[in-house]
Amino acid sequence: MTLQALQQTTPYARLRHDPDLVSEREGVALCLSGGGFRNALFHLGAVRRLNELGILCEVKTVSAVSGGTTLAAHLAATASLWNDRPLDSETWEHEIAAPFRRFTSENVGARAVLKGWLPWHWNSNRPVMALARTFEERGLSGMPLQALPSRPEFLFCATDLVSGTQWVLDRNSMMPMNVATAAAISSWLLPPYAGDKGHRLMLADGGLADWRGVEPVWRNHRLLLVSDGGDGYQPKWGRSMFWSISRLASTISRHAQLFQKRWLLASMLSQRLSGAYWGIDSASTHYQPEPSTRFPGYSAALARDVIGTMRIDYDSCSDAEAAVLENHGYMLADAAARAHLTGFREAAIRIPHPAWLSEQKVRYALRNSSRKVFLGRGRLRALFGRRHVGLGSPFAAETHTAVPTPVLSRT
């Protein structure tokens, strides 16, 4: 007897899992994964290229998780600049890219982590609110959620530990909070954020339920653009009980992420879902339709061994780290768009930081970038330093001098 599968599914399965059954799938969704400042800077480069190609202003919804929410908050605050038409490169650098790099150059996690380790804070929201206050002090948007633009719609994804499901904070949220607080809740793990008496919620890092922010948009959007910063899982060795428990949790989380990635890419390959995907541990050569077509980018080895293993936290990023991450996201988004999308406008490639294209230079500068430090680098400044001129400061733009970028031709 030879078993064969029927080419059909039950009505219940189609209703729950088949995107083709949804009648109103329209618009473009941009999904920004979690992963601290590393992934936020990677996304910064990607959206820079999407802006140049005229794709960003076509986005209907931005769905962000954890570290991706910091960039989403910045994009929400500056949406009036780019949501109608593409910005020119100089304006983008001056108004969006340079201020966000300044934001990531500061350690914003030390104060919240220190509060989270104090036993008397374990039944309060003080640690996550400390992170939210630091976000605001460094310039992240303090606008109320209800003041978010209607197009594109911004979704800040968290995980409800009570039900184990995803919880989305957006402009229709009934919970009174601002954008910086929503980003902090989506980024924070323990202790979780407890809702008020009318909401039996315990909200934690959005990556626990959905690392890439795909769940809120895959059913009802025509096109998915997924920028995946990866989880930075590295081989490690240890014998302590703490190491075993920590490693067990991270291994479970990694495989849950891999399952979602396989489902997402398999759905795109089978054309059940449409769009483009790019991951931080990938390379532009993976998107070339044929050997004669060359897309600029870092090598697969550099992406896998160096860039993809950088630490994931809210520690300060060096100029070199920020430049390499932005370059990498920029070039990968360009390659993914060229390989999988049509209908975008032609735009010359202007690498954000051409001085950081040498792989030997990148390897040397980022040789210690995977190593984490307790409370992070610059922790004393983060705990006791003066307020930094950040994203929302009227003086932020005056500190930047635009650097011309070369135009590369594609062969």
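**A guided tour of the predicted model**

Begin with Pro-152, which sits in the loop between helix 7 (126-137) and strand 3 (153-160); helices (H or I, at least four residues) and strands (E, at least two) are DSSP runs numbered from the N terminus. The peptide bond from Arg-151 to Pro-152 is cis, with omega near -5°.

This is a predicted model, in which local features need pLDDT of at least 70, side-chain atom pairs count only at pLDDT 80 or more, and totals for chains, interfaces and linings use all residues. Residues are numbered from 1 along each chain as its sequence is written, and side-chain values use heavy atoms, without hydrogens and water.

Select Ser-66 next, in the loop between strand 2 (59-65) and helix 3. Ser-66 is not a glycine, yet its phi is positive, about 50°. With 6% relative accessibility, Ser-66 is buried (buried: under 20% relative accessible area; exposed: over 50%; partly exposed: in between; 1.4 Å probe, protein chains only).

Continue to helix 3 (residues 68-77), where nine of the 10 residues are buried. Among them are Gly-68, Thr-69, His-74 and Ala-76.

Gln-271 lies in the loop between helix 9 (241-269) and strand 8 (275-279) and is exposed, at 67% relative accessibility.

Finally, display helix 2 (residues 36-52) with helix 5 (residues 89-104): they pack at about 175°, their axes 11 Å apart (axes are lines fitted to C-alpha atoms, for helices over the stretch in contact; angles run from 0 to 180 degrees between N-to-C directions). Helix 2 is therefore roughly antiparallel to helix 5 (an angle over 145 degrees).

Conventions:
Angles under 35 degrees count as roughly parallel, over 145 as roughly antiparallel, 65 to 115 as roughly perpendicular and the rest as oblique.
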